Amino acid sequence: HLEIIDEINRRLLQEVQARYPTDPARLQRVSIISDGPDPRVRMAHLAVVGSFSVNGVAALQSKLLAERVMPDFAEMWPERFNNKTNGVTPRRFVRLANPRLCDLITDTIGDGWINDLERLGELEKHVDDAAFRQAWRDIKAANKRDLAEVTARLTGIDIEPTSVYDVMVKRLHEYKRQLLKALHIVTLYNRLRADPKQDIQPTTFIFGAKAAPGYTMAKLIIRLINGIGEVVNTDPLVAGRLKVAFLPNFNVSLGEVIYPAADISEQISLAGKEASGTGNMKFALNGAVTVGTLDGANIEIRDRVGADNFFLFGLTADEVFALQAHGYNPMGIYVGNESLRQAIDLIASGLFTGGDRTVVKPVVDSLVYRDPFMLLADYQPYIDIEDKALAAYGDTEAWTRMSILNTARSGYFTSDRTIREYASGIWKVQPVPVP
């Protein structure tokens, strides 16, 4: 195999030298075999050289592939680089997962939307219909009761279906920043401890995630979130106002109960890190309103549902790269932001880990000394946008409108469209009609 790879590389470098004779450094950058005393096969380079099409799965990822990850290859073969934004199947994630909403949509615009999801746009004509909005709210309320029953059965935690369901379910990874969500909860908890009489929208924070077997930090974050729940859920000072539930063994079947019940969809990864995301699409299709960064397909969701129906915060990918290049000092942010410092210090005290400070020390040290995924840089903008989102939920009619428009304008995010794009743009195959 190595002999074949060496020959492919020889021919590649021969072509590169012929096309870019005044740029000898390019040979080293594009070579399939790395230089140095311990040479390796650069598998991504081999893949690009051996392919006729290279695509990301969201517009931002495709842009980053061409401009930052493989700029030399994109300049050499621009026709190879393209985008195919992910999609999800409405048959499973609306029709099967949310039969109540499915029936309302079908009764309102017919059943053609199931195989032509862009037809959800016809719902916009009914967004100002008071009866339709009430039916929409009734369905969301019933779905929230269903999730409350499942939560009680799986965790023993009773959650209030009339509270805001602020949901973050996805793979547990530091770049997805479940820890930022945890800092938000601790911040609200500190506010209520300081002033138990202050008015706050009753909120249930629902998590679901799995960590890779050897991913120690991810497992520590799961432990911390469960510990926060143990404290918050039993503190009489916040009773009826804050509740935390971490649902075990998150999978598609559990997702089918969660997506239809969510009010707020948490899509808060560090900009530039998420390839696409599909949970964000499942939430939006079921009428959840996104709190998110300009990362992955969040950008395209916001473009389609409208900026007024999406709660945006945080650094852009370009700002992240610039901050990394010029030096990032999380300790300075920690020292300079009182509410952030109080939240981190409360975690460090061991309050949420049964008094054991050593358990959370790696988490705290990572935040204040390294913070590779810039939670502290995005902390205050995140707290501010969450305050705005929770306040917006208090306007029932306006929130219902946002919810409806998220569903109505998410028809683009169907896997049917994605597969059509692959078929026509990459595979060069035609559909076969089935009688």
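## Ground rules

Since the model is predicted, local features need pLDDT of at least 70 and side-chain atom pairs count only at pLDDT 80 or more, while totals for chains, interfaces and linings use all residues. Residues are numbered from 1 along each chain as its sequence is written, and side-chain values use heavy atoms, with hydrogens and water left out.

Let's start inside. The largest nonpolar core has 72 residues. A nonpolar core here is a set of buried Ala, Val, Leu, Ile, Met, Phe, Trp, Tyr and Cys residues joined through side-chain atoms within 4.5 Å; buried means under 20% relative accessible area, with a 1.4 Å probe and protein chains only. Leu 242, Phe 311, Ile 344 and Phe 352 have the most contacts inside that core. A second, separate core has 48 residues, including Ala 58, Phe 132, Leu 147 and Phe 283.

Leave out residues up to four places away in sequence, and Phe 352 still touches a list of partners, among them Val 186, Tyr 189, Leu 224, Ile 228 and Ile 347. Touching, or contact, means heavy atoms within 4.5 Å.

Val 48 sits in helix α3 (residues 43–49). Helices are DSSP runs of H or I with at least four residues, strands are E runs of at least two, and both are numbered from the N terminus. With a relative accessible area of 3%, Val 48 is buried. Its partners, again skipping residues up to four places away in sequence, are Val 54, Met 70, Phe 73, Trp 77, Arg 80 and Phe 81.

In helix α4 (residues 59–69), the buried residues are Leu 60, Ser 62, Leu 64 and Leu 65. Their cover includes β1 (54–56), α5 (71–76), β2 (81–83), α13 (298–305) and α14 (317–326).

## How α9 packs

Helix α9 (residues 178–194) and helix α10 (residues 216–232) have axes that come within 10 Å and cross at roughly 20°. Axes are lines fitted to C-alpha atoms, for helices over the stretch in contact, and angles run from 0 to 180 degrees between N-to-C directions. So α9 and α10 are roughly parallel, the word for angles under 35 degrees. Residues in the contact include Ala 182 and Val 186 of α9 and Leu 224 and Ile 228 of α10.

The axes of α9 and helix α16 (residues 338–348) come within 9 Å and cross at roughly 100°. That makes α9 roughly perpendicular to α16, a label for 65 to 115 degrees. Among the residues that meet are Val 186 and Tyr 189 in α9 and Ile 344 and Ile 347 in α16.

Methods:
Buried means under 20% relative accessible area, exposed over 50%, partly exposed in between (1.4 Å probe, protein chains only). Angles under 35 degrees count as roughly parallel, over 145 as roughly antiparallel, 65 to 115 as roughly perpendicular and the rest as oblique.
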